[in-house]
2 protein chains.
Amino acid sequence: MTIDYRSLANSSLRNLTPYQPGKPIEELERELGITSSIKLASNENPLGPSPLVIKAAQEVLHQSHIYPDGSCYEIKQALAQFFSVQANQITVGNGSENILELLIKSYLLKDDTTIISEFAFLTISILIQSYGVQAKLVPAKHWGHDIINMIKSIDDRTRLIFLVNPNNPTGTYTRDHDFHLFMEAVPPHIIVVVDEAYCEYISAPDYPDTLKYLQHYPNLVITRTFSKIYGLAALRVGYSISSPEIADILNRARLPFNVNSIASKAACAALQDQQHVLKSIANNQQGMLQLQEAISAFDLNYISSIGNFISIDVNDAATIYQKLLRQGVIVRPLNAYNMPRHIRVTIGTEEQNHRFLTALHTVL
Amino acid sequence: MTIDYRSLANSSLRNLTPYQPGKPIEELERELGITSSIKLASNENPLGPSPLVIKAAQEVLHQSHIYPDGSCYEIKQALAQFFSVQANQITVGNGSENILELLIKSYLLKDDTTIISEFAFLTISILIQSYGVQAKLVPAKHWGHDIINMIKSIDDRTRLIFLVNPNNPTGTYTRDHDFHLFMEAVPPHIIVVVDEAYCEYISAPDYPDTLKYLQHYPNLVITRTFSKIYGLAALRVGYSISSPEIADILNRARLPFNVNSIASKAACAALQDQQHVLKSIANNQQGMLQLQEAISAFDLNYISSIGNFISIDVNDAATIYQKLLRQGVIVRPLNAYNMPRHIRVTIGTEEQNHRFLTALHTVL
């Protein structure tokens, strides 16, 4: 008897299309036999991690044989102090995706549903599917979350709603007024998760300060990450801030050692270096202007973004992506988001942006 | 209206007692205001990681801002070459616990059941419970897996069976003859997971070489880790070797960046340093003899173990554990395993073993 061991797996997984990450530079160079290519495909901080991070990590590498502190004491204390919240409101994960997964695992059963916006960060939808749960996809409005229609989509089976703010890959955001309206409208037994992976980049005055909402809305969970502005994507540290009750549940749902110790130490050090954060913000603002001006000069449209990336309408993203690869420039085509006209480009250093713009000019 | 956000969570999580890791040294010293304590509570390699590991990790720390290669290309190639299997048979996880979790998530639904032995590595049972699935706990035989009764426990709803070999915390093992008999008896639609976290320590000639079984039994999954003999517990890298079909499903179930890049590089380097592995085995064999002799001289019984740890009958583990803590020695009381008479002690360096034995002598 021959058995297909795929067919024995849960149907939700059998039919799932895994997330396609940005192509690693090594892979591109292996495939095309080229060197010195650049990657602007994963919204990484082009300035890299703070030097304090590297120092802190180096100091603990000789302790690699010791299990992490399963309670994440040090990093929780550091985050609690930084945000003026209690340590028991913090949950730390193997990237914020780990926290998103724990929320799905903890609060959704097969007959429950969740609500998410069209064009929202795809990993969330894939995670939801991997747990065999249904998501209502609410059509976007001007590429952003349609808050009113998301509220209208709530029904008896809704238990969890995801907002991505600002949204990746569109760079759009939900304003404070709309966010407040949303939190007021959602019944308190429904948990609202706001994924704020890019929040540190934001200077828009009407971007909601969700930490302030936490005390009034115990159904609110804020997820954030060290992968973006803090430059620790390789190390996988994300966290959530929530009510202690929700944090207690997530703590039960997680693996006992889900966060590695080197990463914890590095994250604590990263938090200390707010100068590096400011430098990263400044680089991003300058780079965003540089790209916007050039893209307009190319007569291309882009979606206005407050993140560290910009999505550009190049008509045929798949083709342009391939052509850019041959120029040694990796960007992200957005076909998986049903945005086949758009590529998403991370704001790099001035030189990287220039390199991308030259390559784009060549292939257009 | 006041809502308890714990009560909204899935009932399997609400009622779950999280895994209690070995107490971190920092925590003990914080609590008791002492210094220079030792931890023999988590089966860590007392020799630490290979120097090659530290060098390899240091070299990539400046790349901390770059996302890991989601496909784990390099580490999969290294493991495939090391074990003479195909790279598509390898799944890499955030510790082998991550792989165990992916198996549960992928192959069990609420109405399915799984089988596991009494006294088997507790994290597995906790993970099973966290997914709301039922496990049949088969009573142990001489502290080890009762293979015959595990076979007899199979019924129509069984889809996954876990063996832990050697078992933690008892150090007992399933012999090749019994393992073969087991694989023959289990119907091919049931997946057998053998957790071999300690396999590199084993010299017993009748310990099964499960890699050889893989080609005949495509329902076999072997999980292993870099946390034990390779000394990378802090970094969280585990892996499984299975049929490509099962690996394909696990790949869909995992987070896209579940393994951090520094850890991948470190694991590749660790695999290169087999001298360090041999040194670790030698230290373990000597230390095991040192402990066995002294324990017998104390007139205590222990469970014969082939791992890097030994479980000792001290009559009242909870009390002895507390008393040892005050001596600055952390061991593991096994109350959570329903073994209230036993403490589990990791084989340390000669000096650490001596320190433990002196402390034990004092508190007895």
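**Aromatic stops**

Start by selecting A:Tyr67 and A:Phe257: both are buried. Keep in mind as you go that this is a predicted model.

Now look at how those two rings sit. The centres of A:Tyr67 and A:Phe257 are 4.8 Å apart and the planes make an angle of 50 degrees, so the pair counts as tilted. Zoom out and trace the chain between them: A:Tyr67 sits in the loop between helix H3 (51–60) and helix H4 (73–83) of chain A, while A:Phe257 is in the loop between helix H10 (244–253) and helix H11 (261–272) of chain A.

Hop over to chain B and pick B:Phe226 and B:Tyr230. Here's another tilted aromatic pair, with 5.0 Å from centre to centre and 45 degrees between the planes. Buried or exposed, what is B:Phe226? Its relative accessible area is 0%, so B:Phe226 is buried. B:Tyr230 comes out at 5%, and because buried means under 20%, B:Tyr230 is buried too.

Back in chain A, select A:Phe82, A:Phe83, A:Phe226, A:Tyr230 and A:Tyr239 together: ring pairs link them into a cluster. Across all chains, a search of the whole structure turns up 21 aromatic pairs.

Show A:Phe309 and A:Arg344: the arginine lies over the face of the ring, 5.8 Å from its centre. Then go to B:Tyr173 in chain B, where B:Arg175 lies over the ring face at 4.1 Å from the ring centre.

Key
Residues are numbered from 1 along each chain as its sequence is written. Chains are lettered from A and ligands numbered from 1 in the order in which they are written. This is a predicted model: local features need pLDDT of at least 70, side-chain atom pairs count only at pLDDT 80 or more; totals for chains, interfaces and linings use all residues. Side-chain values use heavy atoms; hydrogens and water are left out. Rings of Phe, Tyr and Trp (its six-membered ring) pair if their centres lie within 6.5 Å; planes under 30 degrees apart count as stacked, over 60 as edge-to-face and the rest as tilted. Helices (H or I, at least four residues) and strands (E, at least two) are DSSP runs, numbered from the N terminus. Buried means under 20% relative accessible area, exposed over 50%, partly exposed in between (1.4 Å probe, protein chains only). A charge sits over a ring if NZ of Lys or CZ of Arg is within 6 Å of the ring centre and within 35 degrees of the ring normal.
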